[in-house]
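Here are some exercises to work through with the model open beside you. Try each task before you read its solution.

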Amino acid sequence: EDLGTIQVPVSWRDIIQDPATPKLFFDTYILVYHHDTRQSSQALECLVQLASVRRSLFASDAKRNQYLDLHLDYMLEILRNRYGLDEHDNYHRFCRWLARLKANYQLAELVASAKYPEWITLVSQFTLQSLASDWHWVGNSLFYLLSLWSRLVASMPYLKGNNLSHLEDHVMNIVEAYVSSRLHALHNNAADLDDEVEDMADHFEAIPGLFRLQYEKTRTFFLSLIDPLLQQYVAYVVERGITGETSPEVLAIERDLAWLVKVTGAAVGGRLGASSTDAQEAIDGELSARVFQLMIYTIDVDAKIRQTKGNAPRVIPVGMEKLDEAIIDFTQAFRRAYIGEQAVANSKVYVRMGEQLGTADHMVVLNVVASKIACNLRNYGILSGETVVSKSLALLTDLACGHSSGRLLGKLSTIREMLGNHDEAHFPFMKGPDSKMGRQRTAFYQTLA
């Protein structure tokens, strides 16, 4: 599946190159899609496989381009009329067909086709319709659509000549629809979306390139969503101490912030997948500043709660737990991009974060990360939050194992305090049963050692 190329024998060349072969499966699909989903989906699967045959099988580039035009023709016919796409099996295989076509053809080859302008427009409309649909129905088919757009965007630097990809006309609409549709889904069906972590992880591998293509616009869009939520979080949680346990409004704010923190992590982490400019690093800093400000808010709120209720284990509302997990996911992405052996302490990201947060240097940022990890390890693991504990310890271990970041950690007051007070009284998660917390206790002590 990852390779996306089928190594068919040379003896099959005449059959594969014959236009009658893909036409047979397309005609079969058109004949049966309205009454036999099993056969129609299998016909599409055959087209997926035919789109995947190796480049060297074709006798000439002209033959291969004719073959590409055939597939584009058939895709356009289905997209124009939405033949069979309301059936999930057909829809899923059509998404795979789109992704597989790009995996086997370069963007320059697609753009060179006279059918490309209509194709990219209809694929964009199809993607937007998919994002507006029920995410449970769309399922992991969405990954194939996102990977298609990711591959298209990644190929743009290699596009030469006067041919236009028209991707800038469509990608920002897809970014906005992707982020907003998830927020709408959270509002309409929040409880059912809590366990889709694996699907999100696949998405976040595919979508960072889309976020960073027109990064100025992405930044403006993200901040238009994040800033009002931060203001609401301050008003409800920081200033008035209201929690998601008693307030549906706070629960909704925390869920929305958790999603936006995750996509911000994907955007910032996308720095590793492509060359990054100073302007993009400055945008990374502006977006990261919002998350670190939120991180500081959560640390301060926890300190206030401990002053009044002490250190006894307490049930953390589900919205707060999701938000804490998202913050750790973001910080892991930030660590890969800006903390470690390849990171530069005077990077534009830290300059912009300093302007936004008033932080003096990268050491202050690292201390906020360490404080958040310690906060999570104090709050979770007994009554809830095993995943937060696991991810927090993984982040601490990754920071400690880095040559430069590990050396810097030892200078932080938070870490020195952790080294001096590391028993169950300070980190109650270690009281948890061996079946859940045994490995975490071991990982904690190994990291401190």
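**Exercise 1.** Are α4 and α5 roughly parallel or roughly antiparallel to each other?

*Solution.* First, a word on what you are looking at: this is a predicted model, in which local features need pLDDT of at least 70, side-chain atom pairs count only at pLDDT 80 or more, and totals for chains, interfaces and linings use all residues. Residues are numbered from 1 along each chain as its sequence is written, and side-chain values use heavy atoms, with hydrogens and water left out.

Step 1: find the elements. Helices are DSSP runs of H or I with at least four residues, strands are runs of E with at least two, and both are numbered from the N terminus. Helix α4 covers 61–81 and α5 covers 88–104.

Step 2: take the geometry. The two axes cross at roughly 155° and come within 12 Å. Axes here are lines fitted to C-alpha atoms, for helices over the stretch in contact, and angles run from 0 to 180 degrees between N-to-C directions.

Step 3: classify the angle. Angles under 35 degrees count as roughly parallel, over 145 as roughly antiparallel, 65 to 115 as roughly perpendicular and the rest as oblique. Helices α4 and α5 are therefore roughly antiparallel to each other.

Step 4: sort the residues where they meet. By class, the contact of α4 with α5 has 10 nonpolar, 2 polar and 1 charged residues. Nonpolar covers Ala, Val, Leu, Ile, Met, Phe, Trp, Tyr, Cys and Pro; charged covers Asp, Glu, Lys and Arg; the others, Gly among them, are polar. On the α4 side you will find R64, L68, H71, L72, Y74, M75, I78 and L79, which meet F94, W97, L98, L101 and N104 of α5. Contact means heavy atoms within 4.5 Å.

**Exercise 2.** Describe how helix α2 packs against helix α3.

*Solution.* Step 1: the axes of α2 (residues 20–32) and α3 (residues 37–50) come within 8 Å, crossing at roughly 155°. That makes α2 roughly antiparallel to α3.

Step 1: the contact of α2 with α3 has 10 nonpolar, 4 polar and no charged residues.

Step 2: name the partners. T21, P22, F25, F26, T28, Y29 and V32 from α2 meet Q39, S40, A43, L44, C46, L47 and L50 from α3.

Step 3: look at T37, which is placed in α3. Leaving aside neighbours within four places in sequence, T37 is in contact with E87, D89 and N90. The C-alpha atoms of T37 and E87 are 7.2 Å apart, although 50 residues separate them along the chain.

**Exercise 3.** Which residues touch the most other members of the largest nonpolar core?

*Solution.* A nonpolar core is a set of buried Ala, Val, Leu, Ile, Met, Phe, Trp, Tyr and Cys residues joined through side-chain atoms within 4.5 Å. Buried means under 20% relative accessible area, exposed over 50%, and partly exposed in between (1.4 Å probe, protein chains only).

Step 1: of the 142 residues in this core, W119, Y178 and F334 touch the most other members.

Step 2: follow W119, which contacts L72, M75, L76, L98, L101 and L148 once neighbours within four places in sequence are left aside.

Step 3: zoom out. The protein has 22 helices and 0 strands, and 53% of its 449 residues are buried.

**Exercise 4.** What does K431 touch?

Step 1: not counting residues up to four places away in sequence, K431 touches I382, E424 and R441.
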